[in-house]
Amino acid sequence: MRPLTEEETRVMFEKIAKYIGENLQLLVDRPDGTYCFRLHNDRVYYVSEKILKLAANISGDKLVSLGTCFGKFTKTHKFRLHITALDYLAPYAKVCRAFHFATGDEVKDE
């Protein structure tokens with residue numbers, strides 16, 4: 001598990017900014033602690049620094065996952081968001097039709 005490079009961070013933040021805009025800083029500096037993004041097997045995980053320090057004792061080949069998977073990088077270095085990121089993005093989301101569709105707000109209950 002390693003920190004993201006500058007290029008990976010830029011690509012990921014551009015994708016997330018489409019949904020939450022300038023609230024990206026609120027995602028990292030939260031009132032309950034500092035969170036960071038880490039890359040493991042082409043997947044980006046959102047994890048608190050407290051848990052990250054505890055996981056430092058586990059070797060990389062034994063580690064399956066850590067924190068919440070936000071998405072993955074494809075072979076062409078594009079970033080794809082996973083559905084597991086919605087719980088963290090929804091409170092900061094700007095109003096857009098695509099996000100309402102993704103969170104299921106457009107589904108009518110009958």
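Accessible areas here come from the Shrake-Rupley method with a 1.4 Å probe. On that basis the protein chain exposes about 7,600 Å², and carbon and sulfur atoms supply 53% of it. The model is predicted. Its protein chain has 110 residues, of which 32% are buried. The secondary structure comes to five helices and six strands.

**Overall layout**

- From the N terminus on, the elements run β-α-α-β-β-β-α-β-β-α-α.
- Take the contacts between residues at least 6 apart in sequence: 48% of them join residues at least 24 apart.
- One pair shows how sequence and space can part ways. Leu89 and Ala17 are 72 residues apart in sequence, and their C-alpha atoms are 10.0 Å apart in space.
- Leu89 belongs to helix H4, residues 86-89. Leu89 counts as buried because its relative accessible area is 1%, and the cut-off for buried is under 20%.

**Nonpolar cores**

- In soluble globular proteins, nonpolar side chains tend to be buried together.
- The largest nonpolar core in this model has 17 residues. Those with the most contacts inside it are Met12, Leu27, Phe37, Val44, Phe70 and Phe73.
- Five elements each supply at least two residues of this core: helix H1 (6-20), helix H2 (24-28), strand S3 (33-40), strand S4 (43-48) and strand S5 (68-73).
- H1 gives the largest share of this core, four residues.
- Leaving aside neighbours within four places in sequence, Phe37 is in contact with Pro3, Leu4, Met12, Phe13, Leu27, Val28, Val44, Tyr45, Tyr46 and Phe70.
- A second, separate core has five residues, including Cys36, Val47, Leu52 and Ala55.

**Helix H1**

- H1 has 15 residues. From first C-alpha to last it reaches 20 Å, close to the 21 Å expected at 1.5 Å a residue.
- The buried residues of H1 are Glu8, Val11, Met12, Ile16 and Ile20.
- Gly21 follows H1 and has a positive phi, near 65°.

**Salt bridges**

- Side chains of opposite charge can pair when their charged atoms come close. The structure holds four salt bridges.
- Arg2 and Glu8 meet through their side chains at 2.9 Å, N to O. Arg2 is partly exposed, at 36% relative accessibility. Glu8 is buried, with a relative accessible area of 16%.
- Arg10 and Glu7 form a salt bridge at 2.4 Å, N to O. Both residues lie in helix H1, three residues apart, about one turn of the helix.
- An α-helix has 3.6 residues a turn, so residues three or four places apart point the same way.
- Arg10 is partly exposed at 39% relative accessibility. Glu7 is also partly exposed, at 45%.
- Glu7, Arg10 and Glu14 are linked in a network of salt bridges.
- Asp32 and Arg30 pair through their side chains at 2.9 Å, N to O.

**Cysteines**

- How many disulfides does the model hold? The count comes to zero, where a pair of cysteine sulfur atoms would have to lie within 2.5 Å.
- Cys36 is buried, with a relative accessible area of 10%. Cys36 is also one of the residues of the second core.
- Cys69 is buried too, with a relative accessible area of 14%.

- Most residues other than glycine have a negative phi.
- Asn41 is not a glycine, yet its phi is positive, about 55°. Asn41 sits in the loop between S3 and S4. Asn41 counts as exposed because its relative accessible area is 60%, and the cut-off for exposed is over 50%.
- His77 has a positive phi as well, near 65°. His77 is found in the loop between S5 and strand S6 (79-81). At 61% relative accessibility, His77 is exposed.

Technical notes. Residues numbered from 1 in each chain as written. Predicted model: local features only at pLDDT ≥ 70, side-chain atom pairs only at ≥ 80, totals over all residues. Heavy atoms only, no water. Core = buried A, V, L, I, M, F, W, Y, C linked by side-chain atoms within 4.5 Å. Buried < 20%, exposed > 50% of the residue type's maximum accessible area, 1.4 Å probe, protein only. Contact = heavy atoms within 4.5 Å. Expected span 1.5 Å × (residues − 1).
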